[in-house]
Amino acid sequence: MNKKRLTLCIISIAILAVSLTVMLCDYLIPLSFWTHPILNFLFALFVGFGIMSLVLGVTNKSPWYIFTATGLLGLAIIYVLLQYIEWWIGVIIVVVVCAIMAIISVIRSGVKTEDIALNESPEYKNYKQRCAEKNSEEESEREEIPQLKSFKD
């Protein structure tokens with residue numbers, strides 16, 4: 001296991017532990033933090049994994065991680081906003097946050113997607129390049145096969 005995966009596993013376990021602690025504190029100590037202890041657990045979980053996904057999306061230039069962060073943080077924001085304001089204002093704010101995250105996703109990883117679409121990515125090989133590689137591999141295999149002599153010669 002490489003260091004990056006180990007770090008992500010440790011951070012994930014820490015997020016889960018903090019979320020469980022928030023839930024248990026709200027359940028055992030009657031503070032009436034918000035609505036329900038399980039919803040508070042989900043809120044802490046969504047915020048933690050949303051921030052982790054956002055950091056991974058920005059560092060790896062991955063629109064998938066940014067999309068996941070948008071969903072998780074959007075759910076967390078709407079939960080908080082529904083506690084204090086009207087539901088329709090909360091939905092408008094979440095839509096605005098999702099639009100901002102979409103713009104960040106396009107700005108941060110749009111160039112990578114354009115390179116693939118325009119066949120300019122260094123990892124991408126077009127059809128002619130792949131055929132040439134396939135033909136060169138077949139030729140090298142043909143050259144490596146030894147010629148057998150017949151017994152008649």
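I counted two rings of Phe, Tyr or Trp as a pair if their centres lie within 6.5 Å. I kept in mind that this is a predicted model.

**Entry: aromatic pairs**

I searched the whole structure with that cut-off and found two aromatic pairs. I started with phenylalanine 43 and tyrosine 79, whose ring centres are 6.0 Å apart. Their planes meet at 45°, so I noted the pair as tilted. I then looked up where the two partners sit: phenylalanine 43 is in helix H2 and tyrosine 79 in helix H3 (residues 63-84). Is tyrosine 79 buried or exposed? I found tyrosine 79 buried, at a relative accessible area of 12%.

My other pair was tryptophan 64 with phenylalanine 67, with centres 5.8 Å apart and planes at 35°, so this pair is tilted. Both residues belong to helix H3 and are three residues apart, which means about one helical turn separates them. I checked accessibility here too, and tryptophan 64 and phenylalanine 67 are both exposed.

**Entry: H1 against H2**

Next I turned to helix H1 (residues 3-28) and helix H2 (residues 37-60). How do they pack? I read an angle of about 155° and axes 7 Å apart. Since angles over 145 degrees count as roughly antiparallel, I wrote H1 and H2 down as roughly antiparallel to each other. Their crossing is right-handed.

I listed the contact residues as well. Among them are Leu8, Ile15 and Met23 from H1, and Phe41, Leu45 and Met52 from H2. Sorted by class, the contact has 16 nonpolar, five polar and two charged residues.

Definitions and conventions:
Residues numbered from 1 in each chain as written. Predicted model: local features only at pLDDT ≥ 70, side-chain atom pairs only at ≥ 80, totals over all residues. Heavy atoms only, no water. Axes fitted to C-alpha atoms, helices over the stretch in contact; angles between N-to-C directions. Helix = DSSP H or I, 4+ residues; strand = E, 2+ residues; numbered from the N terminus. Parallel < 35°, antiparallel > 145°, perpendicular 65-115°, else oblique. Left-handed = near helix turned anticlockwise from the far one by under 90°. Contact = heavy atoms within 4.5 Å. Nonpolar A, V, L, I, M, F, W, Y, C, P; charged D, E, K, R; others polar. Phe/Tyr/Trp six-rings, centres within 6.5 Å; stacked < 30°, edge-to-face > 60°. Buried < 20%, exposed > 50% of the residue type's maximum accessible area, 1.4 Å probe, protein only.
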